[in-house]
Amino acid sequence: MKGVIQALQAQEEFIITSHEHPDPDSLGSMLGLYFGLQQLGKSCRMVSADPPPANLDWPGLDKIEVLSQPLPDEDGPWIVVLDCEPARTGLISQDRAAAGKIINIDHHQGNLFQGPYTYINPEEPSTSVMVYRLLREMGVSLDRAMATALYGGIVGDTGGFRYANTTPETFTIAAELVELGIDHALIARQIFASKPIEFLRLLGYALSNLKSDLEGRLVWLKVSHEDFVRWGADPAETDQLIQYARMVNTARIALLFREVKPREIRIGFRSDSIDVGKLAARFGGGGHKLAAGAKLSGSLDEAVEKVLAAAREYLGEEDQT
Ligand SMILES: [Mn+2]
């Protein structure tokens, strides 16, 4: 953390970015850092490979530039990568990452980025909390724009303070942010309960095909590209479907299979007690112990079969320990 603070203080110009398909924590940490560094007199740009989801309207989201091309490899401003490793931004080539001048702040256990300016702690509930700590250390006085973003990031990654990653300190930090006068009820509603009607119709259809196995310990939902088209739902805004699979009272592992583009399959893994990060890693994915993801290409049914076989085996191994 000290090295990262020194780099943030020493440089004058930054590009701030995060992972593809931004979520509340990636956006909250970007905006919090952006406004904080601006207060310190730095000049910053925010860039993303994908636009923010339409249900959020936090101050500053409109300042995020959506880039269709990766950032140039040649010398430019320092890049701050938040909530992921540089490869997951979709904007930083391997050469650019190896060239240095990258600050990486993240809480994902699978983050393997090696560099002199990394602040990575899988114990943290959200990257927004880590940005909060950095801003405090650097003497930034938090305002409502920063507080809205950081609070949104914390609420997003803790599932509204419900997940195991929520600590007593998470509530303390959240309370401090709420005291700055943010509209916390609106922020929570935008994240969890503000969906287009097409999403809810797709949800109804997907739930009517909810599947389970191993006495209900394995539960999964499957949505094909055709389903998205048929119900008019935007695949980019449907990752929360997995919440409904994990609600099943017997579920130990919940899975979501989404064919977001023809033959491009995104898989979500959730558990309340089993390390599904390791399971996702078998398919080239990663994330956290209890919440992870992976991408496969090919047929949806083949992806489902492959991952279910691994999940059954994984639950079987667990029974023996
Ligand atoms: Mn996060």
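Two residues are in contact if their C-beta atoms, placed from the backbone, lie within 7 Å. The model shown in these figures is predicted: local features need pLDDT of at least 70, side-chain atom pairs count only at pLDDT 80 or more, and totals for chains, interfaces and linings use all residues. Residues are numbered from 1 along each chain as its sequence is written.

**Figure 1. The whole chain.** Among contacts between residues at least 6 apart in sequence, 64% join residues at least 24 apart. The secondary structure comes to 12 helices and 12 strands; helices (H or I, at least four residues) and strands (E, at least two) are DSSP runs, numbered from the N terminus. The radius of gyration, taken over C-alpha atoms, is 20 Å, close to the 20 Å that the globule rule gives for 321 residues, so the chain is as compact as a globular protein of that length. The globule rule is 2.2 Å times the number of residues to the power 0.38. Along the principal axes, the C-alpha atoms fill a box of roughly 55 × 45 × 45 Å. Of the 321 residues, 43% count as buried. A residue is buried if 20 or more other C-beta atoms lie within 10 Å of its own, exposed if 12 or fewer, and partly exposed in between, with C-beta atoms placed from the backbone.

Figure 2. Eight residues of domain 1 are in contact with nine residues of domain 2. On the side of domain 1 that touches domain 2, three residues are nonpolar, four polar and one charged. Here Ala, Val, Leu, Ile, Met, Phe, Trp, Tyr, Cys and Pro count as nonpolar, Asp, Glu, Lys and Arg as charged, and the others, Gly among them, as polar.

**Figure 3. The parallel sheet.** Six strands form an open sheet in the order β3-β2-β1-β4-β5-β6, with parallel pairing; two strands pair if DSSP finds at least two bridges between them. The edge strands are β3 and β6 (118–120), each of which pairs on one side only. From one strand to the next, the twist averages 25°. Angles run from 0 to 180 degrees between N-to-C directions, and axes are lines fitted to C-alpha atoms, for helices over the stretch in contact. Strand β5 (residues 102–106) is joined to β6 by three bridges, and the two run parallel. Asn104 stands opposite Thr118 in β6. Helix α1 (residues 2–10) packs on the sheet and touches β4, β5 and β6, its direction making about 130° with that of β5. Helix α4 lies across β4, β5 and β6, at about 120° to β5.

**Figure 4. Helices α4 and α5.** Helix α4 (residues 127–137) packs against helix α5 (residues 144–157) at an angle of about 145°, and their axes are 7 Å apart. Thr127, Ser128, Val129, Val131 and Tyr132 in α4 meet Leu150, Gly153 and Ile154 in α5. The residues of this contact divide into five nonpolar, three polar and no charged.

**Figure 5. Gly76 in its loop.** Gly76 is in the loop between β3 (64–66) and β4 (78–82). With 13 other C-beta atoms within 10 Å, Gly76 is partly exposed. The C-alpha atoms of Gly76 and Ile15 are separated by 8.9 Å, although the two residues are 61 residues apart along the chain.

**Figure 6. The mixed sheet and strand β9.** Six strands form an open sheet in the order β7-β8-β9-β10-β12-β11, and the pairing is mixed. At the edges stand β7 (211–213) and β11 (286–287), each with a single partner strand, so one side of each is left without a neighbour in the sheet. Seven of the nine residues of strand β9 (residues 253–261) are buried, so β9 is largely enclosed by the rest of the structure. Strand β8 (residues 218–223) runs parallel to β9, joined by six bridges. Leu221 has Leu256 in β9 as its bridge partner, and Val223 stands opposite Arg258 in β9.

**Figure 7. The β9–β10 hairpin.** Eight bridges join β9 to strand β10 (residues 264–271), and the two run antiparallel. Lys261 has Glu264 in β10 as its bridge partner. Two residues lie between the strands of this hairpin, and Arg263 in the turn has a positive phi of about 65°.
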